[in-house]
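Here is a short report on a structure.

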Amino acid sequence: MSAALPPPLAHSLTTPSSTGPALERLRPPADLADIASKVVRQERLSFDDGLRLFAHPDLLAVGRLADAVRRRLHGDVVYYNINRHINPTNVCMQECSFCAFGRKAADPLAYEMSHQEVYERAASCAAQGATEIHIVAGLHPLFDLAWYEECFRGLKARFPQLHLKCMTAVEIAYFAKMERLAHREVLERLVAAGLESMPGGGAEIFHPDVRRQICDNKCDADEWIEIHRTAHGMGLKSNCTMLYGHIEGPEHRVDHLLRLRALQDETGGFQALIPLAFHPENTALSHLPGPTGMLDLRVMAVSRLLLDNVPHLKAYWIMLGPKTAQVALSFGADDLDGTVVEERIVHMAGATSPEELPVAELKRLITETGRVPVERDTLYRRVQRVPVGAGA
Amino acid sequence: MTAVPTAAPATTPDATLDSTLESALARAAAGERLSAQEGLALLERADLLTLGSLADAARQRHNPGRTVTYIVDRNVNYTNVCVTYCSFCAFQRKPGHTESYVQTLEQMDARLAELDGLGGRQVLLQGGHHPDLAIEWYEEMLRHFRAKFPRINIHGFSPPEITHFAEIWGLDRKEILRRFQAAGLGSLPGGGAEILVDRVRRQIANLKATTDEWLGVMEDAHALGLSSSATMMFGHVETPAERIEHLVRVRSLQDKTGGFRAFACWNFQREGTPLGKKVAASTGAYDYLRTVAVARLMLDNVRHVQASWVTQGPKIGQLSLSFGVDDFGGTMLEENVVSAAGTTYCLPIEQLEHLIRDAGYEPRRRTTGYEILPRTDVAA
């Protein structure tokens, strides 16, 4: 946001896109020049670089660096998928201060689904052509390992085409503790029942100074990372997340991203990072204002730049809202996530985004930005659909 | 399966188009006046963040420094009775409709007293195009407010209202403006501009003031010393070239009169409107940010560009501060027109100031004329 705009550049930051005019002509601000040249040479950024990117007054300059990286990795493609979230229960033993979803068993708003209710929800989304079921829930003593094993077996028997992306590391840690099993044994039993990949939830902010305050009872950073390491070692892919915009500082975000980067160097098992915008309403942290649009986009861009070894960056529209998620496609994101259907966790925290975006609307958000919508499955393989009326 | 012919390159860069864009980018960066063709090249083909940075630099040329202004105001929509039937409007009611209303002075007084108590400096006074109210009814309302609330500027009557009055009262619009001004009208809002191209207006607001009438009312108002804003509502049936044509028309009149203080734009909000059934989808935040940035670059003679957080929400509203916007507009203690179309973003003043500070700016309250109010003058 300098008063005088630098002159157009002779050379652009990256090679021009083959399908669009080359427009990255604005020279990065002088105090980002060293970081920009690292980005161009595809060199790794440091902790200190991360802090500077968070502090730099020119958000759009940071965004342009991230956008260049995104273009190098993914060209004009923006991914989406057709999925459904199922949250079998909101009863939870843990009391994370940022959560509006978890309830005590006696709470009038507490609910528990039967296996049959889970199958019914899966049936309706299978009929709509979904490729993925995303299951996460509260930590409930009756929803134990055996309950989920039966649930997954039942789902795979009925809907073999639906990929089961289920159970955060926090839930795996809970089962391990309850059943006195190693993480690997829990994962092996769930995989035998039908689990195919893991979502990235429960990471929140790893740094103990923050984690102690917002989710003291939850599995700590080392355990979260160990569970993903184990899953990756078994050949499972997973995602990772970062919950921002509450009490954390930029240094905690950078620390978090670098811990994820270190594990990814080791295993290569993360497919995508999903930055999660904190929603204060109805939580124990409701006095906080929550992240602004500028912070949402800053986190998106810095994540793309620091996490150089995770292929995809998801603009999760459920938390950002469709408007900010669409703009995030210019700040490093290459994935808008899915159609979702019946999201409970964020909406209990006052999210005003719709619970479901029809495919046509997801595609429209993408094409308006001049990019190409591509439907993917959970493992980022393109989904080919026969167009309606194509015959044969 | 039939063989797919070898595809040509997805886009063959057109040398002419690209050179137009090159020149538009260079001229925008240098702060030079952009032609309609250059504006269109930017709107259609420039990268979003490049547009943002160019618009932000233009914002700094027009309004140097780290201040973002806003005004404590409220809308008073004295009637929703309207005989203009615009297809994009969810606020209007036919005469005699069970939900139609005309407010009394007492009802409006209560709203203005509340505004005055909060240190408010402007009332946005607009209403439907009522077929029966006489000029004396309006004059009485204006004189009453002027006398009772001397600190509150009356920002009232967009050009289509003035055009409507001229028709039903058989009076010259200059005469109406002069009488309103004498009764206490301080400035004109820029509403009803929609897209200032008659092809578009015929489709979405056939009975509303034409392009020439809208511009004519503004020219008359400016000549009387009544300053105004200008607006644009896009994202319905217009083409990108027609958005640019709109901006050029505003710019041309501004060259002549200098009476536009600010510009604001927003995309069409569909819900509950007849036009919403015809327009397949609203355009998104991406389109809004591009358009507001191009407006900042095209309107080189209008000093201020306002955010439209009422339609965009707090996140995109804040982000627009990086895309050429220097003013957060009004606090809108009451907003009836856009909220009738399903958009109901409402920001308490503290949150509005938090968004401005979080963006790295200092929030300051202003008057309609963009004078910054001293902090001591700001009621808590």
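A:Y79 has A:V374 in β10(A) as its bridge partner. A:Y79 also stands opposite A:D335 in β9(A). A:V78 faces A:P373 of β10(A). The model is predicted: local features need pLDDT of at least 70, side-chain atom pairs count only at pLDDT 80 or more, and totals for chains, interfaces and linings use all residues. Residues are numbered from 1 along each chain as its sequence is written, while chains are lettered from A and ligands numbered from 1 in the order in which they are written.

β1 (residues 77–81) of chain A runs parallel to β10(A), joined by 4 bridges. With β9(A), β1(A) pairs in the parallel sense over 2 bridges. Strands pair if DSSP finds at least two bridges between them. Strands (E, at least two residues) and helices (H or I, at least four) are DSSP runs, numbered from the N terminus.

## The sheet around it

The order is β9-β1-β10 in chain A, an open sheet of 3 strands with parallel pairing. β9 (335–338) and β10 (372–375) of chain A are the edges; each has a single partner strand, so one side of each has no neighbour in the sheet. Neighbouring strands are turned by 25° against each other on average, direction ignored.

4 of the 5 residues of β1(A) are buried, so this strand is largely enclosed by the rest of the structure. Buried means 20 or more other C-beta atoms within 10 Å of the residue's own, with C-beta atoms placed from the backbone. α14(A) lies across β1, β9 and β10 of chain A, at about 145° to β10(A). Axes are lines fitted to C-alpha atoms, for helices over the stretch in contact, and angles run from 0 to 180 degrees between N-to-C directions.

## Where the chains meet

34 residues of chain A are in contact with 40 residues of chain B. Contact means C-beta atoms, placed from the backbone, within 7 Å. On chain A's side, α3 (59–74), α11 (293–306), α13 (322–328) and α14 (359–368) each give two or more residues. α3(A) gives the most, with 5 residues.

## Helix α4 of chain B

Helix α4 (residues 105–117) of chain B has 13 residues. From first C-alpha to last, α4(B) reaches 18 Å, close to the 18 Å expected at 1.5 Å a residue. That expected span is 1.5 Å times one less than the number of residues. Just after α4(B), B:G119 takes a positive phi of about 80°.

Technical notes. Two residues are in contact if their C-beta atoms, placed from the backbone, lie within 7 Å. A residue is buried if 20 or more other C-beta atoms lie within 10 Å of its own, exposed if 12 or fewer, and partly exposed in between; C-beta atoms are placed from the backbone.
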